Amino acid sequence: MKKITPYIRNVYYYETDKMKIMHHSNYIRILEESRVWFLHEAGLPFEKIEEMGILMPVLSVECRYIKPLVFGDTFEVYPYIERFTGAKLELSYRIVNAETGELNAEGSSSHCFTDNDLKPLRTKVNFPEVYKLFKDYEKVEIEGKHGKEVL
């Protein structure tokens, strides 16, 4: 089973509203940040993916808000592969308060693989090493401050 560390950072002031609560739109940015982090941790940095001529457009993104993060909170994001077909990647995310371990939000995003002309790619055929990497990370162990998560 592959291991990665969670994506960790603080809530910045500019991300909050007048009540110092993180604005809902910023959670989507956090999902994107943690996806890029996940790829880096898995050994396939986004820059390398693009150098290979692969694009990963977003098909959909969702977020369910459970308990708001506030200015100064430190949070951990646990991204994991929900489903990978070789042509489509679906990720899920858990955003957790790093101090309390409370779940703040859950999200998901789906992506396809295309070439630079936005023509669909089947990674199993066109990029078998990329296909294998994603298959290897379909089950992952993430160790954070509040223990290990097997996702």
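**View 1. Helix α1 lies across the sheet.** Axes are lines fitted to C-alpha atoms, and angles run from 0 to 180 degrees between N-to-C directions. The model shown is predicted. α1 runs at about 115 degrees to β5. The strands that α1 lies across are β2, β3, β4, β5 and β6. The helix has 17 residues. From first C-alpha to last, α1 reaches 25 Å, close to the 24 Å expected at 1.5 Å a residue.

**View 2. One set of α1 residues is buried.** Look for Asn26, Tyr27, Ile30, Leu31, Ser34, Arg35, Phe38 and Leu39. An α-helix has 3.6 residues a turn, so residues three or four places apart point the same way. Just after α1 comes glycine 43, with a positive phi of about 95 degrees.

**View 3. Five strands form an open sheet.** Read across the sheet in the order β2-β4-β5-β6-β3. The pairing is antiparallel. β2 (7-10) and β3 (58-65) stand at the edges. Each has a single partner strand, so one side of each is left without a neighbour in the sheet. From one strand to the next, the twist averages 20 degrees. Strands of a sheet pair through backbone hydrogen bonds.

**View 4. β5 pairs with β4 and with β6.** Nine bridges join β4 to β5. Here valine 77 has isoleucine 95 of β5 as its bridge partner. Nine bridges also join β5 to β6 (residues 103-112). Leucine 89 stands opposite histidine 111 in β6. β5 is mostly covered, with eight of its 10 residues buried.

**View 5. Glycines sit in two hairpins.** The hairpin of β4 and β5 has three residues between the strands. In this hairpin, glycine 86 takes a positive phi near 100 degrees. The hairpin of β5 and β6 has five residues between the strands. There, glycine 101 takes a positive phi near 80 degrees.

**View 6. The largest nonpolar core holds 36 residues.** Which residues touch the most other members? They are Met56, Ile95 and Phe134. At least two core residues come from each of α1 (25-41), α2 (46-51), β4 (74-84), β5 (88-97) and α4 (128-136). In soluble globular proteins, nonpolar side chains tend to be buried together.

**View 7. Methionine 56 and its contacts.** Neighbours within four places in sequence are left aside here. Methionine 56 is then in contact with Arg35, Leu39, Phe46, Ile49, Leu89, His111, Cys112, Phe113 and Phe134. Among these, Arg35 and Leu39 are buried residues of α1. Leu89 and His111 stand opposite each other.

How values were computed. Residues numbered from 1 in each chain as written. Predicted model: local features only at pLDDT ≥ 70, side-chain atom pairs only at ≥ 80, totals over all residues. Heavy atoms only, no water. Core = buried A, V, L, I, M, F, W, Y, C linked by side-chain atoms within 4.5 Å. Buried < 20%, exposed > 50% of the residue type's maximum accessible area, 1.4 Å probe, protein only. Helix = DSSP H or I, 4+ residues; strand = E, 2+ residues; numbered from the N terminus. Contact = heavy atoms within 4.5 Å. Pairing = 2+ DSSP bridges. Expected span 1.5 Å × (residues − 1).
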